[in-house]
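Please open the model in a viewer and keep the residue selection tool at hand. The stops below are in the order in which to select them.

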Amino acid sequence: QKETENQLKLKNEQLEEARRSVARMNEKLEDKVSERTKDLLTSREYFKFLANNLPVIIWTADTEGNLDYVNRQWSEYTGFSLEDSKTKQRELVHPDDLDRSSIAWRKAIETGLRYEGEFRFKRMSDGIFRWHQAQAIPFKDEFGNVTAWIGTNIDIDDQKKQLEKKDEFISVASHELKTPLTSLKGYMQLMESEADLPERIKSYVAKASSALNKIHHLVDELLDASRIRAGKLEFTKHIFNLTELVVQCVENSSFIYSAHDIKKELLANIFVHGNEERIEQVLMNLINNAVKYSPANREIIVRIEIDENVALVSVIDFGIGMSESDQELIFQRFYRVNRQAQLTPGLGVGLYIASEIIKEHHGELKVKSRLNGGSVFSFSLPLVNAE
């Protein structure tokens, strides 16, 4: 009996020690929770202070895309509090921009990818819709799950108006240049057709014609860029054999760029719906760029693949490549990579035009590259049945 009492006493002491240990753990946990809560509150107050004192509109949203915070600049611009904004937010976006921006925002929510968009945003003080550039980045936890969205709206209306004036000037100047260029080209062709011209003069005429063709090409690019900005880049579409078009482009390119080894890896009889001339323009632009930026390794591969219900055309080079930051901007109008600008002249609109042409075909133009490791430019086109 005495032995049993001793065992019971020992167990009670062990139990009491266990209770004390749990109590100490709870105290530590409470301290940590308190510190964490304090840190969170401090961080939130710091964020609010920062957001309210920056000269841009800042907002946050939950995982479903619903607003849960707006800064002072938002309220001053829109006249809406957070609660009003939750229910009346659609009133702030211009009706012509609402569907487009809403679709892009829902896509960002579904994919967890960064949101970027431009739309007209209503200023409550005078009721005027001004152009804003909006961006939102997902805030993720350690497991990669989106826990919140942090967004900004920046007023770009004045810049937009300046760009419109520049576009108008470019369009007018380009049209005015077309007439004298066409006349010059005609006279050059007449001179080239003269049978009794001395060889030295023929050489000069050929060089002048080459330079004139380059100017003509630049003017055409400027006109295309202006049409795109004005929403007037229109063309007819029909079903055509993409494989045959790519074969023709590779053959022409091999003749023009005889110093380069342009290979083709194609699938036979791939049919798409679009404009052959415009798709040829895109492909020749990509091949031309591959040649220009591969001065050392002169192998280029043009490939057609099928990815689910789209045809994927890729132009692969092993040249100078580009950085990740350049890849994010390369399809913007007038953007030129510094290293590329040093190698060759140009306006920086070729890839912008190519990207917009592919968008008009319900496809997408992408790039994968690394510095000194080459580039892969790929565009997709929806497949169709040739029958």
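Is Asp 97 buried or exposed? Asp 97 counts as buried, at 3% relative accessibility; buried means under 20% relative accessible area, exposed over 50%, and partly exposed in between, with a 1.4 Å probe and protein chains only.

This is a predicted model, in which local features need pLDDT of at least 70 and side-chain atom pairs count only at pLDDT 80 or more, while totals for chains, interfaces and linings use all residues. Residues are numbered from 1 along each chain as its sequence is written, and side-chain values use heavy atoms, with hydrogens and water left out.

**Stop 1: helix 4**

The term stands for a side-chain nitrogen of Lys or Arg within 4 Å of a carboxyl oxygen of Asp or Glu. Arg 100 and Asp 97 are three residues apart in helix 4 (residues 95-111), so about one helical turn separates them. Helices (H or I, at least four residues) and strands (E, at least two) are DSSP runs, numbered from the N terminus. Arg 100 is partly exposed at 44% relative accessibility.

**Stop 2: further salt bridges**

The whole structure contains 17 salt bridges. Select Glu 116 and Arg 114, whose side chains form one of 3.0 Å, N to O. Glu 116 is exposed, at 51% relative accessible area, and Arg 114 is partly exposed, at 47%. Then select Arg 130, Asp 155, Asp 157, Asp 158 and Lys 161, which a network of salt bridges links.

**Stop 3**

Show the open sheet of five strands, ordered 7-9-10-12-11 with mixed pairing; two strands pair if DSSP finds at least two bridges between them. Strand 7 (261-265) and strand 11 (365-369) are the edges, each pairing on one side only. Strand 10 (residues 310-317) pairs with strand 12 (residues 375-382) in the antiparallel sense over eight bridges. Ile 316 stands opposite Val 376 in strand 12.

Next, select Lys 263 and Glu 299, a salt bridge with its closest N and O atoms 3.1 Å apart. Lys 263 lies in strand 7 and Glu 299 in strand 9 (residues 299-307), 36 residues apart.

**Stop 4: helix 11**

Select residues 350-360, helix 11, where nine of eleven residues are buried. Among the buried ones are Leu 351, Tyr 352 and Ile 353. The buried residues of helix 11 pack against helix 6 (199-229), helix 8 (276-292), strand 11 and strand 12, where contact means heavy atoms within 4.5 Å. End at His 362, which follows helix 11 and has a positive phi, near 60°.
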